[in-house]
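Visitor: Could you walk me through this structure, one question at a time?
Guide: Gladly! Let us look at it together.

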Amino acid sequence: MTMNAAGGRRRPPTIHDVAREAGVSRGTVSRVLNGGHYVSPAAQEAVNAAIRRTGYVVNRHARSLITGRSDSIGFLLTEPQERFFEDPNFNVLLRGCTQALATHDIPLLLMLAGTEDERRRLTRYITAGHVDGVLLVSNHSGDPVAEQLRGAGVPLVACGKPIGMGSKVSYVAADDRDGARDMVRHLLSLGRRRVGMVTGPLDTPGGVERLAGYQEVLAEAGFDFDERLVVSGDYSRASGEAGAERLLERVPDLDAVFVASDLMAQGVLAALHRAGRRVPQDVAVGGFDDSPAALASSPELTTIRQPWDRISAEMVRVLLAQIGGEDPAAVILPTELVKREST
């Protein structure tokens with residue numbers, strides 16, 4: 001902060017103060033703040049040292065008027081608000097993306113759009129240029145948001161492959177199908193033969209791919225597909241509990257369940273306990289995500305680990321590259337089977 005001429009209220013340091021402190025021109029300071037192009041290493045170090053000494057903070061509003069950018073990114077979740085607070089995966093992903101953007105000094109804006117009106121309002125806000133790009137989380141087929149943002153030229157990266165959009169939209173995803181295969185093979189290796197599944201929403205990429213992996217391994221093992229062994233959920237704990245109840249009604253000799261999320265698996269465990277089924281002695285249970293819910297379960301869940309840190313870092317990397325002019329890209333990351341007490 002700097003005193004004014006009358007010795008009164010202190011004012012925040014300006015780019016002119018930084019230039020004077022560093023012994024360089026204002027233009028040199030400006031080039032350093034905008035990426036350091038055409039600036040010598042010595043001048044860049046002098047400017048950075050002057051910024052630290054003066055406490056100068058970039059005026060983002062002023063810079064946006066010059067660059068035409070907002071210097072912010074949107075984290076758009078197209079789910080009801082209560083789902084954000086219930087499902088720990090969203091919080092883990094949000095934290096990872098926030099940390100990845102912090103290294104670039106870019107803030108992340110959380111946007112919740114669980115209704116059609118909310119999606120319409122936020123689409124207008126985004127396409128008006130209030131953010132430079134969007135990290136889209138939990139997209140459903142038939143949801144027009146991704147297509148509308150892409151059509152408006154907004155840089156966009158989805159978490160999971162958007163259904164029906166091919167290579168038009170950048171995305172970062174865990175290998176859902178391969179993770180499901182690993183879990184079902186593990187359950188079969190334990191001698192289980194009546195393996196049910198509680199799927200995720202089948203209008204989402206994770207829901208579709210995890211079900212496909214389950215079906216493929218059972219077919220490889222010589223089992224005919226039995227539709228009574230599959231019920232759908234929506235990734236909520238309540239849907240897992242209801243799904244387990246339906247499975248027990250349909251298949252009383254059920255001896256294993258692959259659940260498409262850890263949070264749903266908590267509901268499955270509750271239903272099995274209420275029905276007097278021991279886990280894993282009577283029914284083995286496997287989840288998906290390796291979220292905090294896996295360790296909070298009793299017994300602790302065997303699950304498929306999604307590499308959340310890498311997913312969030314790659315989403316940010318791909319989005320910033322797209323903002324910089326690169327073409328859409330797809331990244332698929334490997335999963336890992338984590339064995340715990342529930343199998």
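Visitor: Which residues of H11 are buried?
Guide: A word on the ground rules: this is a predicted model, where local features need pLDDT of at least 70, side-chain atom pairs count only at pLDDT 80 or more, and totals for chains, interfaces and linings use all residues. Residues are numbered from 1 along each chain as its sequence is written, and side-chain values use heavy atoms, with hydrogens and water left out. Buried means under 20% relative accessible area, exposed over 50%, and partly exposed in between, using a 1.4 Å probe and protein chains only. Helices (H or I, at least four residues) and strands (E, at least two) are DSSP runs numbered from the N terminus, and the buried residues of H11 are Ser239, Gly240, Glu241, Gly243, Ala244, Leu247 and Leu248.

Visitor: What covers the buried residues of H11?
Guide: Here we look for contact, meaning heavy atoms within 4.5 Å. The cover includes strand E8 (195-199), strand E9 (230-232), strand E10 (256-259) and helix H12 (262-274).

Visitor: How far apart are the end C-alpha atoms of H11?
Guide: The expected span of a helix is 1.5 Å times one less than its number of residues. Helix H11 (residues 237-250) has 14 residues, so it should span 20 Å. The model agrees, as the end C-alpha atoms are 20 Å apart.

Visitor: How many disulfides are there?
Guide: A disulfide is a pair of cysteine sulfur atoms within 2.5 Å. The sulfur of Cys97 has its closest cysteine sulfur in Cys159, and at 7.8 Å that is too far for a bond. By this rule, the count is 0 disulfides.

Visitor: Is Cys97 buried or exposed, and what about Cys159?
Guide: The relative accessible area of Cys97 is 0%, so Cys97 is buried. Cys159 has 18% relative accessibility, so Cys159 also counts as buried.

Visitor: Which side chain makes a polar contact with the side chain of His186?
Guide: His186 lies in helix H9 (residues 176-189), and its relative accessible area of 9% makes it buried. Leaving aside neighbours within four places in sequence, His186 is in contact with Thr302, Leu337, Lys339 and Thr343. A polar contact is a pair of N or O atoms within 3.5 Å; within protein, one must be able to donate a hydrogen and the other to accept it, and residues adjacent in sequence count only if both atoms are side-chain atoms. At 3.0 Å, the partner is the side chain of Thr343.

Visitor: Which residues does Leu295 touch, not counting those up to four places away in sequence?
Guide: Leu295 has its place in helix H13 (residues 292-296). With a relative accessible area of 48%, Leu295 is partly exposed. The residues touched by Leu295 are Glu300 and Arg340.

Visitor: At roughly what angle do H2 and H3 cross?
Guide: Axes are lines fitted to C-alpha atoms, for helices over the stretch in contact, and angles run from 0 to 180 degrees between N-to-C directions. The axes of helix H2 (residues 26-33) and helix H3 (residues 41-54) come within 10 Å. They cross at roughly 85°.

Visitor: How are H1 and H2 placed relative to each other?
Guide: The axes of helix H1 (residues 15-22) and H2 come within 8 Å and cross at roughly 105°. Angles under 35 degrees count as roughly parallel, over 145 as roughly antiparallel, 65 to 115 as roughly perpendicular and the rest as oblique. H1 and H2 are therefore roughly perpendicular.
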